[in-house]
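Thanks for coming. I will go through one structure, starting with a term and then taking the regions in turn.

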Amino acid sequence: MKLSTKLIHAGVEPDPSTGAIMTPIYQTSTYVQSAPGVNKGYEYARSQNPTRFALESALAHIENGKHGLCFSSGVAATDAVLRLLVPGDEVIAANDMYGGTYRLFTKIFEKAGIKFHFVNMQNASAIRPFINDKTRLVWAETPTNPLMNIVDIAALAAICRERKVLLTVDNTFASHYLQNPLDLGADIVLHSATKYLGGHSDVIHGCLVMNDDQLRDQLYFIQKSCGAVPGPQDCFLVLRGLKTLHVRMDRHCSNGAAIAHWLRQHPKVGQVYWCGFEDHPGYAVASRQMRGFGGMMSFTLKDDSPEAAKKVLSSTKVFALAESLGGVESLINHPATMTHASIPREQRIANGLSDSLIRLSVGIEDVDDLIEDLNQAIG
Ligand SMILES: *Cc1c(COP(=O)(O)O)cnc(C)c1O
């Protein structure tokens, strides 16, 4: 089955009791048993919920994986993976990634005795010197947030396999539609379904997809024991969002390409970070591992002051100034004070994330309106 068909049909069956074509929202906390322990496989909704199961199955299918597990947010899914570790274990993580992941690693798990090495992974073999016999996990994000750097997933996976280290790839920016890390050798794929999968900025949700049965059992145990499960209404919204992922992503990609090229020729724009430019250092890898370049990009102004950036950020009328990304509507964001404020300034600057950097999540509106809006805001 091709991806567009899978997005609509995978994991969902007509409801067995009524034939309802859409998966019902099983808004229940518990299930009646006919005798103690005699039940239909459903006991308590933290462990089992049919709406969630339908979504988990759909997510696994479209990521070409065997198992899906859903969580109440993207960071709850990240938290579940980190709970596979014990004090003394070490993690190699990308030095350019989602600020909330960085915060979870450094403020919660470092205290719990996990050691993190933050490494620039644009050259996959850069992780080698950090691998030792305590290394359990490599955490990668590609394209990275917000600098749109590309990590070679297959190269990273080969090193991880050789050294028997788990590789998790945060696939939020690309979505299943543009990139499938499990096919390239990753062990676990993470999505903040809050973003492109939900697609309508109306739900907080996260998921993991994996192939290994044992890994799935360990993560399922964490899911039900720690309890960060999504409610059925939220699962329904993500199931509904998935059905149009391919149509939306095609438009995000074409609008994104038009805006990136437009920004690049604008006399007041400094650098444009978008992995679809042929001279982007990750272009060759991106073209190999992605089916399109998406709607995420960042740029600086030639006037690199925070004030100049703030003026643009407060002047757009179609682009809304907000955190998050991946919805149908276009958003503009200031990573230094918004999504990435939890990364210390010195480290942010050292990683290339300047105070004037502006990030765009290009939506699916008419591209002429989007360009006109940016044009009047940049002035
Ligand atoms: C938003 C985001 C997350 C966290 O997801 P939430 O659903 O907000 O908890 C993780 N990774 C990336 C790349 C994100 O953009």
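Predicted model: local features only at pLDDT ≥ 70, side-chain atom pairs only at ≥ 80, totals over all residues.

The peptide bond between N145 and P146 is cis, with omega about 10°. P143 is also placed in the loop between β4 (135–141) and α5 (153–162). The bond joining T142 to P143 is cis as well, and its omega is about -5°.

Next, backbone angles. K164, in the loop between α5 and β5, has phi near 55°, which is positive although the residue is not glycine. How exposed is K164, in relative accessible area? The value is 74%, so K164 counts as exposed. S201 is another non-glycine residue with positive phi, near 50°. S201 belongs to the loop between β6 and β7. With a relative accessible area of 45%, S201 is partly exposed.

Now the ligand. There are 13 residues around the ligand, and the closest are G74, D170, S192, T194 and K195. Three of these have polar distances to report. For G74 the backbone is involved: one of its N or O atoms is 2.9 Å from a ligand oxygen. For D170 it is the side chain, where an N or O atom lies 2.6 Å from a nitrogen atom of the ligand. For S192, a polar side-chain atom is 2.8 Å from an oxygen atom of the ligand. On its own the ligand has 380 Å² of accessible area, and the protein covers 94% of that.

On to helix α7, residues 213–226. α7 has 14 residues, and the distance from its first C-alpha to its last is 20 Å, close to the 20 Å expected at 1.5 Å a residue. Which residues of α7 are buried? They are L215, L219, Y220, I222 and Q223. Viewed down the axis of α7, these buried residues fall within an arc of 160°, so they line one face of the helix.

What covers the buried residues of α7? The cover includes the helices α2 (50–62) and α3 (74–82), along with the strands β1 (67–71), β5 (166–170), β6 (188–192) and β7 (206–210). Some of these names have come up already: D170 and S192, listed among the residues closest to the ligand, fall within the ranges of β5 and β6.

D212 caps the N-terminal end, with a side-chain oxygen 3.2 Å from the backbone nitrogen of Q214. After α7 comes G227, whose phi is positive, near 85°.

The buried residues of α9 include L245, H246, R248, M249, H252 and C253. Further along α9, W262 and L263 are also among the buried ones.

Is R348 buried or exposed? Its relative accessible area is 6%, so R348 is buried. The side chains of R348 and D355 form a polar contact of 3.1 Å. Setting aside residues up to four places away in sequence, R348 touches A336, H340, I343, L353, S354 and D355.

Last, Q33, in the loop between α1 (3–9) and α2. Q33 is partly exposed, at 33% relative accessibility. The side chain of Q33 comes to 2.9 Å from the backbone nitrogen of G37. Beyond its neighbours within four places in sequence, Q33 contacts V38, N39 and E43. Q33 and E43 are 10 residues apart along the chain, with 7.7 Å between their C-alpha atoms.

That is the end of the list. I will take questions now.

Key. Residues numbered from 1 in each chain as written. Heavy atoms only, no water. Helix = DSSP H or I, 4+ residues; strand = E, 2+ residues; numbered from the N terminus. Expected span 1.5 Å × (residues − 1). Buried < 20%, exposed > 50% of the residue type's maximum accessible area, 1.4 Å probe, protein only. Arc of directions from axis to C-beta. Contact = heavy atoms within 4.5 Å. Polar contact = N/O pair within 3.5 Å; in protein donor to acceptor, adjacent residues only side chain to side chain. Near = heavy atom within 4 Å. Areas by Shrake-Rupley, 256 points an atom, 1.4 Å probe, with all protein chains shown as cover.
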